[in-house]
Amino acid sequence: MYAPLAGSVIPLAEVPDPAFGLLGAGVAVEPAGQGEVTARAPISGTLLTLRSHAFAILDDQGRAVLVHLGIDTAGLRDGGFTRLRAKGDRIRVGEPVTRWNLTALAGRSPLCPVIALEAPEVTRTAAGTVQVGDRLFVWNNSPSKEDHG
Amino acid sequence: MAERHVKVESVVGLHSRPAAEFVKTAAKAPMDVSIGRFTGESVNAKSILAVLALDARHGEQLRLRAEGDGAEEILDALAKVIAEPDA
């Protein structure tokens, strides 16, 4: 699981929305810089969902990751998001998914949770600052395939 | 078989936080619980992956199903999550 954005790695427990911990295990990235940033695919796979403010990718082993751009950004009328791909697309790690203008945050937190969906825990492999493509964490074990509907 | 028809009230649809709340509630059920559209297949309501992939949008009508002791109560609780507008 690779960093979708450059920035600082923050424990999920410090994200001001406990709902993310219900989705799985992971970390958050606080984007570095200001203005426009590009969120990239943290794994290769298929775009399971693609919303303005969030996307999920399912890999060929049945593991999925959710990237949520900012906290409480779902309800923003214009969150500064430009989708560069479409739901159902095949995507490779590192490819751009969404362009995001951080000035549209309107006071909301820019933290981006990166979640291994349904994973009970992951092993963090990064701390401090990361560049795009740095490894954020690894899955401890694969979730069972049968639960994926 | 107990069944509920419910409209998604969250502006974001059944995604991220509402999806997490939904799956957390479904996970308490001892029996299988399914969620789906009237026109499509139903998926496992206890799987966050399946629920996110369903990609239900604001205003969509969904169907919930469960069978067995306590099914009515579980479906009531799940319908409440789906029908809840954003805080």
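The contact between the two chains takes 18 residues from chain A and 18 residues from chain B. Two residues are in contact here if their C-beta atoms, placed from the backbone, lie within 7 Å. On chain B, the elements that give two or more residues to the side touching chain A are helix H1 (16-27), strand S3 (42-44) and helix H2 (48-54). Helices (H or I, at least four residues) and strands (E, at least two) are DSSP runs, numbered from the N terminus. The residues on this side of chain B divide into nine nonpolar, four polar and five charged. Ala, Val, Leu, Ile, Met, Phe, Trp, Tyr, Cys and Pro count as nonpolar, Asp, Glu, Lys and Arg as charged, and the others, Gly among them, as polar.

The model is predicted: local features need pLDDT of at least 70, side-chain atom pairs count only at pLDDT 80 or more, and totals for chains, interfaces and linings use all residues. Residues are numbered from 1 along each chain as its sequence is written, while chains are lettered from A and ligands numbered from 1 in the order in which they are written.

Chain B holds three helices and four strands. From the N terminus on, its elements run β-α-β-β-α-β-α. Its radius of gyration is 11 Å, close to the 12 Å that the globule rule gives for 87 residues, so chain B is as compact as a globular protein of that length. The radius is taken over C-alpha atoms, and the rule is 2.2 Å times the number of residues to the power 0.38. The C-alpha trace of chain B spans about 35 × 30 × 20 Å along its principal axes. Of the 87 residues, 43% are buried. A residue is buried if 20 or more other C-beta atoms lie within 10 Å of its own, exposed if 12 or fewer, and partly exposed in between; C-beta atoms are placed from the backbone. Among contacts in chain B with a separation of 6 or more, 69% join residues 24 or more positions apart.

Within chain B, H1(B) also packs on helix H3 (residues 71-82). The angle is about 175 degrees, and the axes are 9 Å apart. H1(B) is therefore roughly antiparallel to H3(B). Axes are lines fitted to C-alpha atoms, for helices over the stretch in contact, and angles run from 0 to 180 degrees between N-to-C directions. Angles under 35 degrees count as roughly parallel, over 145 as roughly antiparallel, 65 to 115 as roughly perpendicular and the rest as oblique. From H1(B), the residues B:Pro18, B:Glu21, B:Phe22, B:Thr25 and B:Ala26 take part. They meet B:Ala77, B:Leu78, B:Val81 and B:Ile82 of H3(B). The residues of this helix contact divide into seven nonpolar, one polar and one charged.

Chain A has one helix and 13 strands. The order from the N terminus is β-α-β-β-β-β-β-β-β-β-β-β-β-β. A compact globule of 149 residues would have a radius of gyration near 15 Å; the 14 Å of chain A agrees. Its C-alpha atoms fill a box of roughly 40 × 30 × 25 Å, taken along the principal axes. Buried residues account for 44% of the 149. Of the contacts in chain A between residues at least 6 apart in sequence, 68% join residues at least 24 apart.

A:Gln61 sits in the loop between strand S5 (54-58) and strand S6 (64-68) of chain A. With 12 other C-beta atoms within 10 Å, A:Gln61 is exposed.
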